Amino acid sequence: MLFNTFDEGIAPGGLRSKYEIKTLICYLYYSVKENMSRDLVIEAIREDELANFFEVSAAFDELVSDKSLVEADSVDGEQTYTLSENGRMIAMQLDSTVAYSVKDKALKCAIKLLADKKTARENFVDIEKTENGFNVKCTVSGGDVDLLSFTLYAPDIDQAEIIKKSFLSYPSTVYKSMLALMTKDRESVGEALEEVYGQID
């Protein structure tokens, strides 16, 4: 295999061939089966240092230029892309081109990033600066109606961001915990707490 990319920022076992990188990008679209933005795909590959950032960016742009990737819809102001027939043909070559470990890591990261974006769209966190610190307003959405909304105080922006990240990591668990407490459902309280403990790093 011809190594024709820069090595900087690539973990051992990562991709050093532009052809491999293009194949992996197409594979992600083929496997996830959702339209994804350029930034999300690049982040998914870069998360575990599977390829050099600049090479992934260049490979993505080349796939768009040769119409292996075509524009789809715009989500939250970001242009997303989907595979053309040529892109699907490239994706099918992955098994004989890219190592399973690389494929697996990139796919898991892409799925997680998509889930994070979906959670952020459906549930909201607003950080408001006050004279004494920050108010963090968290909202659990049920579609047409807000199921839960509460505000927590944070003395500094770092703690405010921690609260935001934690809430968006498991908003449904937060809602179930609060509902169980407010309805004095002891069994549900226990189950909700077990969920919380299971999701804490």
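Here is a walk through the charged side chains of this predicted model. Residues are numbered from 1 along each chain as its sequence is written. Local features need pLDDT of at least 70, side-chain atom pairs count only at pLDDT 80 or more, and totals for chains, interfaces and linings use all residues, while side-chain values rest on heavy atoms, with hydrogens and water left out.

Let's start with the salt bridges, of which the structure holds five (a side-chain nitrogen of Lys or Arg within 4 Å of a carboxyl oxygen of Asp or Glu). K22 and E62 make one of them, at 2.7 Å from N to O. That pair ties together distant parts of the chain, with K22 in helix 1 (residues 18-32) and E62 in helix 3, 40 residues apart (helices are DSSP runs of H or I, at least four residues, numbered from the N terminus). K22 counts as buried because its relative accessibility is 18%, whereas E62, at 30%, is partly exposed (buried is under 20% relative accessible area, exposed over 50%, partly exposed in between, with a 1.4 Å probe and protein chains only). K18 joins in too: K18, K22 and E62 are linked in a network of salt bridges.

Other bridges sit inside a helix. E85 and R88 meet at 3.1 Å, N to O; they are three residues apart in helix 4 (residues 85-91), so about one helical turn separates them. In helix 5 (residues 100-122), K108 and D104 are four residues apart, again about one turn, and their closest N and O atoms are 3.2 Å apart in a salt bridge. K108 is exposed at 55% relative accessibility, while D104 is partly exposed at 21%.

Notes
Helix = DSSP H or I, 4+ residues; strand = E, 2+ residues; numbered from the N terminus.
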